[in-house]
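Have the picture open while you read.

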Amino acid sequence: MPSSPNRLVATIFGAVYLVVGLLGFLATGRVAFVGPEGGLLLGIFEVNPLHNIAHLIIGAALLTAGLTSVRASKSANITVGVIYLLLGIVGFFIVDTPANILALNTADHFLHLVSAIVLLAVGFAADRAPYGGVARA
């Protein structure tokens, strides 16, 4: 198992988002590939096939980074954290518009914001080497 907080978080989040992406296809059998309407994953989170693919891409990026190095996982955590922070905020404004191509709902927004907070907190606070560098592991 990875030894740094960034590698651990990237690995766990990556694996979870890969599973969520795969499970999402079970909920999207009869919905459009892109659009504001989707199926419910776990009875709460609205998803469509594009949303599932986004989860698979993000999951693969985080898992790969987590299994590669501290530097890669720290970068991935921060990058995905920023993306999820923006998506979590913007999602509230596009939920009932044609711009909602990922079929986002309120539960998705809060999950994206929580994910962003964890990823950014670990990405910025953990694995810091003295004098501003990145610890190696």
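## An aromatic cluster

F13, Y17 and Y84 form one aromatic cluster. Rings of Phe, Tyr and Trp (for Trp, its six-membered ring) are said to pair if their centres lie within 6.5 Å; planes under 30 degrees apart count as stacked, over 60 as edge-to-face and the rest as tilted. A search of the whole structure turns up 3 aromatic pairs.

Take Y17 and Y84: their ring centres are 5.4 Å apart and the planes sit at 35°, so this pair is tilted. The pair links distant parts of the chain, with Y17 in helix 1 (residues 5-27) and Y84 in helix 3, 67 residues apart. Helices here are DSSP runs of H or I with at least four residues, numbered from the N terminus. Both Y17 and Y84 are buried; buried means under 20% relative accessible area, exposed means over 50%, and partly exposed is in between (1.4 Å probe, protein chains only).

## About the model

This is a predicted model, where local features need pLDDT of at least 70 and side-chain atom pairs count only at pLDDT 80 or more, while totals for chains, interfaces and linings use all residues. Residues are numbered from 1 along each chain as its sequence is written, and side-chain values use heavy atoms, leaving out hydrogens and water.

## Another ring pair

Now look at F92 and F110. Their ring centres are 5.4 Å apart and their planes are at 75°, so the pair is edge-to-face.

## Helix 2 meets helix 3

The axes of helix 2 (residues 49-68) and helix 3 (residues 70-94) come within 7 Å and cross at roughly 155°. Axes are lines fitted to C-alpha atoms, over the stretch in contact for helices, with angles from 0 to 180 degrees between N-to-C directions.

Which residues meet? From helix 2 come H55, I58, L62, A65, G66 and T68, and from helix 3 come A72, S73, A76, N77, V80 and Y84, where contact means heavy atoms within 4.5 Å.

Key: Helix = DSSP H or I, 4+ residues; strand = E, 2+ residues; numbered from the N terminus.
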